[in-house]
Amino acid sequence: MDSSTNSSHYDVVIVGAGFAGLYMLHRLRSAGFKTRVFEQASDVGGTWYWNRYPGARCDVESMQYAYSFSSELEQEWEWTERYATQPEILRYVNHVADRFDLRHDIQFNTCVATAIFNETGSRWMIETSNGEHISATYCVMATGCLSSTNTPNFEGVESFSGSLYHTGEWPHQEIDFSGQRVGIIGTGSSAIQSIPLIAEQAKHLYVFQRTPHYTVPARNQPLQSDPKTQHPGRKAYGYDEDMTVEEIKADYLGLRQRALESFAALAFTPNRQSALEMTEMERQREFEKRWEQGGLTFQGVFSDFSISREANEFAAEFVRRKIQQTVKDSVVAKALVPTYTIGCKRLAVDTGYYETYNRPNVTLVDVSKSPIERITSAGVYAQGREYPLNSLIMATGFDAMTGTLLKIDIQGRGGLRLREKWVEGPKSYLGLCLAGFPNLFTITGPGSPSVLTNMLMSIEQHVDWIVDCVEYLRDRNIAEIEPTLEAENEWVTHNNEVASDHIRNSCSSWYVGGNIEGKPRVFMPYVGGFPNYVEKCRNIAAKGYEGFVLGEG
Ligand code: NA7
C-alpha cells in the first residue's frame, strides 16, 4: 500500500488490543497493510484485561462468545464452562494473540493521546502518551464500549484510609477480604457477579444500592466434552437448542448462521408468540422454562418483551415474585425489587445473587431516596450514619461507548474536534464512520448494534466491513473516505426513531448515558436489530459506499 520508507508511517493504526483490535490487526496484516496497534494495558484482552473482580465472567455463553473467523480455532479451543470466567477468556485472547502471531505489531503501555487529520497529506497524525509521533492513512478505534471506568465524585473519597477498588480496574493479584468489613457501591452486573463471592469471604459486606437491578439465574455448568460422563439430563450447552459441545463443533457454521439471523446475533430459539396472545398459564410455563434454562435468553420469553409495555410487565412481575420468594427479609426483598421495565437496564445474569441477601453478614443499604453523603477516612457516610469499612469497592460502571473516544483528542477536517461534534451526544454513520473525520473507523461505535448483540459477532462484522472498504480504496487508489453529513444525519434520525419508544430506552442506564452526570441523554447503540443492520452495511458497500464521499484528498 503506502510505499513510504518512513518507519513511523503506517497504512493503519489501531487503537486497542481487545477482541476488536486483535481481529482487526489479523485481517489487515493478512491483506498486506502495514499496521500498528497501540494498547494502554501491558497485555492484550481489553475489557477482559481490566475487569478481574471476583466472579467476573461473560454473560454470553462461551461457545458463542468466541471468534468465528477461524474454524481451526473454533475446533481446537475447549471452553470449560457454559459461561467463561474472566481468567479463561483472557487465556483465550492470549492464545489467539500467540496463535496468529499478533504481538510483535502491538505496542503495549501506550495510550494514543491525540489523533489529528492532516488534510494535505490525507493522513492521521498521531501522538502517543510516550511522546511518539506516528502517521497513518487510516485510524481504527478499537477502543471498546465499556473501557472508561466511572467513579462518581463522592465528597471525601480521597480521605478513605482503607483499600479502594473499582471493579473495572481490578488489581492483578488476588484480594483476600477475609475478616474485613467491605462496602460495595452499585448493584449493576459487576456488583451482581462479585457480591455472592465477596460475601463468602468478608466478615461483613455492605451493599450500597441506588437502583435495584433485574437479574436472572445463569445456571452455569461445566461443558463436558465426553457426553458419557455427563450428569443424567444435564445439557452440555445451556441453550434451549440443547446441543452438546460436540454437536456444536460438528456444525459450528450452522450455529453462527443462526446467530447472524437473530436480532441480537445470538443463536437461540425465541418464543415467537406475543405475551398478550398467551394465557396466564402458558406465560407462567414459558417463564419457568426459561428461568430454569438460565441466561439472557430469558428475554426471548415472548416476542413483545422489548416492544409492549404490557407484555414487559408480565415478565417484570415474574422476576419480582422470584425475588420476593427468595429473599427472606421482606424489607430487604422490597428494596431489591425493581419497579421499572425489565431489560431496560441491561439484564444481569447471576449465580446466587438474591440468596446472598439471606446471609447474616450481608446488609443492603438503600440509598435510593437519600444518596451517599460522603466518604470518610473510616468508611461510607449514608442514611445519617457512618459504615466503617476496611475496603470499599466502586462497582459504579463505565462512561460507556463514548468515554474512551472522547478522552483522545481527535481532530478531523478543519480542526473539528470530536468533543465538539459530540457535544449533544454521539453522531455517526452506522457507528462506523464520522462526517468530518475522513479515514477514521470506530469498531462497534455508538450508532451500531454493538452492546445489544453478542459483541464477538458485531466486532467481526465491523472488522470485515472495514477491511473490505480499505481494500476497495487501495484497489482504486482512492485516498479518502468520509460519510456525508446528510447520510450521517439520516442514520442518526433513524436510530433515534427506532429507539424512541423502545423498552431499552425507558429508564436511566449507561445505554443512554444516564449514569454519568452531565452526559447528553441519547440512546447510543442501534436498536433496530443485527440482521437489518448487517443488510444495510452490505448494501452501502455494494453500491460503491453509498452515503460516503470517496476522494483524492
Ligand atoms: P452498571 O451496570 O452501570 O452499574 C453501575 C452501578 O453503580 C449501578 O447500580 C448504579 O446505580 C451504581 N452507581 C453509579 N453511580 C452511583 C452513585 N453515585 N451512587 C450510588 N450508586 C451509583 O455497571 P457494571 O460495571 O455493573 O456493568 C456494566 C456492564 O458490564 C453490564 O451492563 C454488562 O454489560 C457488563 P444506578 O442504576 O445508576 O442508579
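This is a predicted model: local features need pLDDT of at least 70, side-chain atom pairs count only at pLDDT 80 or more; totals for chains, interfaces and linings use all residues.
## Helix and strand exercises

Residues are numbered from 1 along each chain as its sequence is written, and side-chain values use heavy atoms, leaving out hydrogens and water.

**Exercise 1.** Describe how α8 and α9 cross.

*Solution.* Start with the helices, which are DSSP runs of H or I with at least four residues, numbered from the N terminus. Here α8 covers residues 280-293 and α9 covers 309-326. Next, take the axes, lines fitted to C-alpha atoms over the stretch in contact, with angles from 0 to 180 degrees between N-to-C directions. They come within 11 Å and cross at roughly 60 degrees.

Now look for the contact (heavy atoms within 4.5 Å). Residues including F287 and W291 of α8 and F314 and F318 of α9 make the contact.

**Exercise 2.** Find the strand order in the open sheet of 5 strands.

*Solution.* Strands are DSSP runs of E with at least two residues, and two of them pair if DSSP finds at least two bridges between them. The order is β7-β16-β8-β9-β12, with parallel pairing. At the edges sit β7 (163-166) and β12 (362-366), each pairing on one side only.

Finally, zoom in on β9 (residues 204-209): 5 bridges join this strand to β12.
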